[in-house]
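Please keep the sequence and the model in view while reading.

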Amino acid sequence: MFTIRKIYNNNVALVESKGIKKIVTGSGIAFRKKVGDLITDEAIEEQFILDKDIQAGSYEEIFKNISPEIFQAINNAINYASKELAVTFLSTSRLAMIDHLYYSIKRYYENSTIKNPLLWDLKTLYTKEFQVAARCIDIINQALNINLSQDEGGFITLHFINVTYSEGERNLAVLEAEAVNDILNIIQGHHRIALNKESEKFRRLATHIRYYVRKAAKKEASKSKNTYLFNYYKHAYSDAYECALKIKDYSKSKLNFEMNEDELLYFTVHIVNLI
């Protein structure tokens, strides 16, 4: 049994038992009840344990205003992701996703959407997580007859990365996505072109950048050295080489890693193939 400490609406309440506070949900769980009344375990459909990292007040607006239909749609999407990714979302991560998706839906109805600058990078580098996130957005769209964009799938992908990766891996994942985006912008800006992000050559470059970032994080320099090819590409494709030098500068300033001739050659070759 749980004692009601606060009622958000007929379906959501803040309860306490033996010093443990929870936000609980259930159809009509708080209907005709008041603070101090009891709720049985059987009436609870979902519960979120509150600890020092989760304050009930942070989510009050959501639980006061969220409709049963929206909550159910979001919950179904999260449950689908949990099954597909084989992970258990703890209260912290589950509430964070509910929070994000609630405000995404709110912005949709207000005709105010947010573009995700890392969308393509997340879609390419974290294919499985993005596919699951995209399906979550489909589940919500179909349930509510709305049209949340793929950008939201990108944001939810970041939530999945946050849950399924260690802290070091999470930081590296974000750095990879940012580096792919930044380096591709360097190439497009230098050559004043718009690259086809769906091409196989583009994907190969993105994959190379991802592994380069991982090497940079571990301070692992390439061992081989091909002076002949390096000099050939340096002079035969001087514009692509100049672009690669800009990437080298980026590597030093952003990744704190000095690019050697091998990597400079690889980037030059990729650039030549792209343009």
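## Terms and basis

A residue is called buried when its relative accessible area is under 20%, exposed when that area is over 50%, and partly exposed in between (1.4 Å probe, protein chains only). Helices (H or I, at least four residues) and strands (E, at least two) are DSSP runs, numbered from the N terminus.

The model is predicted: local features need pLDDT of at least 70, side-chain atom pairs count only at pLDDT 80 or more, and totals for chains, interfaces and linings use all residues. Residues are numbered from 1 along each chain as its sequence is written, and side-chain values use heavy atoms, with hydrogens and water left out.

## The chain as a whole

The secondary structure of the chain comprises 11 helices and 5 strands. The C-alpha trace spans about 80 × 40 × 25 Å along its principal axes. The chain has a radius of gyration of 24 Å, whereas a compact globule of 275 residues would have one near 19 Å. This radius is taken over C-alpha atoms, and the globule rule is 2.2 Å times the number of residues to the power 0.38.

Of the 275 residues in the chain, 48% are buried. The chain exposes about 14,600 Å², of which carbon and sulfur atoms supply 48%; accessible areas come from the Shrake-Rupley method with a 1.4 Å probe, and for residues only the protein chains shown count as cover. A contact means heavy atoms within 4.5 Å. Among contacts in the chain with a separation of 6 or more, 69% are between residues 24 or more positions apart.

Helix 5 (residues 127–144) has 18 residues and reaches 26 Å from its first C-alpha to its last, close to the 26 Å expected at 1.5 Å a residue. The expected span is 1.5 Å times one less than the number of residues. Its buried residues include Phe130, Ala133, Ile137 and Ile140. An α-helix has 3.6 residues a turn, so residues three or four places apart point the same way. The buried residues of helix 5 pack against helix 2 (68–85), helix 3 (91–109), helix 4 (119–125) and helix 6. Arginine 135, also in helix 5, is partly exposed because its relative accessibility is 32%. Leaving aside neighbours within four places in sequence, arginine 135 is in contact with Tyr80 and Gln142. Just after helix 5, asparagine 145 takes a positive phi of about 55°.

Threonine 25 belongs to strand 3 (residues 20–25). With 3% relative accessibility, threonine 25 counts as buried. Beyond its neighbours within four places in sequence, threonine 25 is in contact with several residues, including Val12, Ile44, Phe48 and Phe71.

## Salt bridges

Side chains of opposite charge can pair when their charged atoms come close. A salt bridge is a side-chain nitrogen of Lys or Arg within 4 Å of a carboxyl oxygen of Asp or Glu, and the whole structure holds 12 of them. One of these joins arginine 210 to glutamate 176 (3.1 Å, N to O). Arginine 210 lies in helix 8 (residues 200–218) and glutamate 176 in helix 7 (residues 167–191), so this pair ties together parts that are 34 residues apart in sequence. Both arginine 210 and glutamate 176 are buried. A network of salt bridges links Glu176, Arg210 and Arg214.

Which residue forms a salt bridge with lysine 254? The partner is aspartate 182, and the closest N and O atoms are 3.6 Å apart. Lysine 254 lies in helix 10 (residues 238–254) and aspartate 182 in helix 7, so the pair ties together parts that are 72 residues apart in sequence. Lysine 254 is partly exposed at 36% relative accessibility, and aspartate 182 is partly exposed at 24%.
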